[in-house]
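Trainee: I have a model open and want to learn how to read it. Can we go feature by feature?

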Amino acid sequence: MSSAISVSARLRPWMRGEAQDDCISISETGDAIIVKEGTKGGLKFPFKSCYGQNATQEQIFEKEVRPLLDMVFKGLMVTVFAYGVTSSGKTHTMQGNPDAPGIIPRVVESMIKLKTQMPEAARRVSQFTVSYMEVYKDDVYDLFNRVHGSRLDIRTDGEQTNIPGLIHKPFETIEEFTQIYNTACKARSVASTDLNHASSRSHAILGISGSFYDPTSDKIRMGKINLVDLAGSENNKLTGNDRSRMAESAAINKSLSTLAMVVKALNDKSKDPNARIPYRDSKLTRILKDALGGSSVGVLICNLAPGAKFQADTISTLRFASMAEKIENKPVVNERAAPPPKRVYSQSQAAGPSSLIPQPSFGYQPFGIPSGIPAPRANRRTSAAFPSASTNVGLSEKEIEERINKRVEEEVARRLEEREKALAEQKRREAEEDEEMRQVELQMTPGSPAKVTLPSELLDPILKKHADLENELINRLEEVKALEQQYATKHQQPLAEVLSPVSKRKTARAYVALGRDLGDRSDLKGALEMYKKAAVYLPENSNLAERILEIETAIREGVAYQPRKKSRRTSHSARSSASPQVSKDDKKRPRSKGKEKRRGVFGELTNGPLPLLLERDETKKPEKFHTPKGSQSKSSGSPTDEEWLAAPPRKGRIGKA
Ligand SMILES: Nc1ncnc2c1ncn2[C@@H]1O[C@H](COP(=O)(O)OP(=O)(O)OP(=O)(O)O)[C@@H](O)[C@H]1O
């Protein structure tokens with residue numbers, strides 16, 4: 001069976017300040033988008049459904065998405081993606097807001113409701129999981145592990161696309177889902193542009209998988225719905241992007257143009273069946289392969305921004321959508337025989353906290369498939385998602401009941417086994433980390449691991465000097481704060497904008513030094529404030545951005561603050577210096593490895609200058625800039641902070657809610 005991608009178009013309302021014109025409109029018959037162009041009467045793009053500026057989130061969901069949810073329960077994969085120029089309303093359509101929830105929350109709510117309609121016993125063995133990833137600058141990241149996680153690989157296994165290591169979290173209720181989803185959304189790469197104050201800088205792919213037991217066929221069906229919020233194509237003349245935004249923009253535009261090439265090549269395939277489809281040219285198209293000419297049911301919502309300023313982008317969006325409409329997919333049911341019994345546990349034994357089991361794939365392998373068991377595919381469809389027991393021919397009620405109970409037990413046993421495996425793996429990883437910590441400690445304490453004690457005649461002056469320097473540093477920062485205020489009031493311009501790069505770096509270093517010290521004293525809020533102040537002077541610094549995100553996460557989740565593993569690597573210098581004994585609690589915190597070097601932020605200053613050297617950036621502002629008294633520096637300062645701040649440009653402001 002083949003199924004064409006279903007394409008619809010949605011025109012967003014005017015935003016405040018936009019010049020209103022009738023450049024883009026919906027035809028009177030409601031089945032085409034008209035773009036006024038030149039004097040020819042405009043271009044007409046017909047689509048199955050076109051939604052105007054007053055269309056509601058509910059209308060879109062009810063007409064475009066709800067009818068497909070049954071298919072997920074039948075073991076099919078459905079992919080819904082929002083496509084369009086930046087600020088055209090893709091995120092609004094997919095995610096929405098509490099007043100106007102979009103497709104994602106509506107899908108989850110409806111699927112949970114649908115599950116309640118399953119026969120009770122079958123419902124007990126059926127389960128939902130969610131995965132969430134972003135493709136940022138052509139790399140794939142798990143949004144459930146964005147801070148500490150590294151890039152994920154994409155593997156192609158025959159027709160299947162797998163993302164090993166992608167986390168799939170089980171959920172039962174809308175509240176559980178919302179909590180998981182909202183946390184992950186905050187990790188998505190988002191930034192402010194002239195067109196959208198919260199513009200997505202990445203393509204986000206949310207996957208809701210379900211495994212459903214069908215007692216009639218004694219099979220488990222695995223369905224999935226992927227909800228894809230693509231980053232918008234960007235015209236940098238309109239976005240006013242700065243350099244780092246431009247780099248993101250280039251990556252976004254490149255992946256979208258590969259997407260367009262894939263769509264075009266699929267269109268041309270009728271002329272040349274051997275034509276190469278360039279799926280492999282971008283991570284996005286590798287991931288979306290199933291939805292484009294593959295085995296998924298595809299739905300494309302083409303978001304449009306009104307107004308002449310978007311005209312050129314609107315035309316290319318509509319051309320893309322018209323081509324996508326011609327793509328034929330071949331959806332297949334994904335089901336497997338219920339697993340053979342291994343060990344049988346009672347249901348109460350299986351009860352317990354949900355495990356967080358990483359699942360091996362993006363495609364058809366939702367929670368519930370033991371690794372190593374291939375998911376068979378069959379071109380077989382049934383007429384109803386959940387045939388009730390009473391409709392089954394050839395099996396008595398009792399037989400059906402027995403069959404269900406048997407499968408429940410098997411499934412429970414299998415899940416328990418999986419959870420045991422996951423726990424064992426977690427323990428193994430913890431043991432490995434402990435061992436790693438032990439090795440580092442050994443390296444840090446050459447010869448004897450004994451506590452380092454200094455004679456008081458040496459220690460006292462050092463401590464006094466540290467205290468003096470700490471006070472001095474705090475005073476200097478007070479001066480900078482006053483100056484920041486003065487400058488903003490007098491010149492209507494932030495101080496950070498007129499400082500030379502050297503002054504910016506040094507001011508940032510001073511704030512980082514204080515932030516680090518506060519962090520070491522477990523004053524996370526204070527530390528966060530200092531790092532944020534540092535980021536004002538170095539907004540592009542990715543280390544700072546990441547550190548801020550880490551601390552915010554630690555505060556939000558009420559957990560101990562653990563900097564990224566990366567900082568371990570950079571603390572090699574610390575390994576060669578003597579270190580006091582590390583307490584058990586410190587052991588749990590990777591940060592303690594570099595602590596002696598780091599802790600001594602004020603001590604480090606004894607070897608160098610105070611970090612504040614304020615200079616005017618001659619290229620920026622002709623006015624005289626007053627250097628605060630006593631803030632002149634003598635040399636270049638501590639290498640540790642410099643190294644730490646010498647990070648690549650940050651990847652995007654984090655935190656689209
Ligand atoms: N149908 C709509 N009704 C009300 N507001 C909308 C609608 N569509 C979009 N908006 C508003 O327009 C702005 C831009 O929308 P959104 O962030 O969804 O665009 P986007 O296409 O996802 O942009 P980007 O690609 O830059 O992330 C937001 O403030 C959003 O709330």
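Trainee: How far apart in Å do the end C-alpha atoms of residues 508–541 lie, and what share of the span is helix?

Mentor: The ends lie 10 Å apart, and the span is 79% helix and 0% strand. Helices are DSSP runs of H or I of at least four residues, strands are E runs of at least two, and both are numbered from the N terminus.

Mentor: Two ground rules. Residues are numbered from 1 along each chain as its sequence is written. This is a predicted model: local features need pLDDT of at least 70, side-chain atom pairs count only at pLDDT 80 or more, and totals for chains, interfaces and linings use all residues.

Trainee: How are two packed helices described?

Mentor: By the angle between their axes and the distance between the axes. Axes are lines fitted to C-alpha atoms, for helices over the stretch in contact, and angles run from 0 to 180 degrees between N-to-C directions. Here α14 (residues 501–520) and α15 (residues 524–537) pack at about 170°, axes 8 Å apart. That makes the pair roughly antiparallel, a label for angles over 145 degrees.

Trainee: Which residues of α14 meet α15?

Mentor: Contact means C-beta atoms, placed from the backbone, within 7 Å. Among them in α14 are Y511, V512 and L518, and α15 brings residues including M530, Y531 and Y537. The contact residues divide into 11 nonpolar, four polar and two charged. Nonpolar covers Ala, Val, Leu, Ile, Met, Phe, Trp, Tyr, Cys and Pro; charged covers Asp, Glu, Lys and Arg; the others, Gly among them, are polar.

Trainee: Is strand β19 mostly covered or uncovered?

Mentor: Count neighbours. A residue is buried with 20 or more other C-beta atoms within 10 Å of its own, exposed with 12 or fewer, and partly exposed in between; C-beta atoms are placed from the backbone. In β19 (residues 296–304), nine of nine residues are buried. L300 is on one side and I301 on the other.

Trainee: Which strands do bridges join to β19?

Mentor: Strands pair if DSSP finds at least two bridges between them. Six join β2 (residues 6–11) to β19, running parallel. S8 stands opposite I301. Eight join β7 (residues 77–84) to β19, also parallel. There V80 partners V299.

Trainee: Why does G96 count as partly exposed?

Mentor: Because G96 has 19 C-beta neighbours inside 10 Å.

Terms used
Angles under 35 degrees count as roughly parallel, over 145 as roughly antiparallel, 65 to 115 as roughly perpendicular and the rest as oblique. Two residues are in contact if their C-beta atoms, placed from the backbone, lie within 7 Å.
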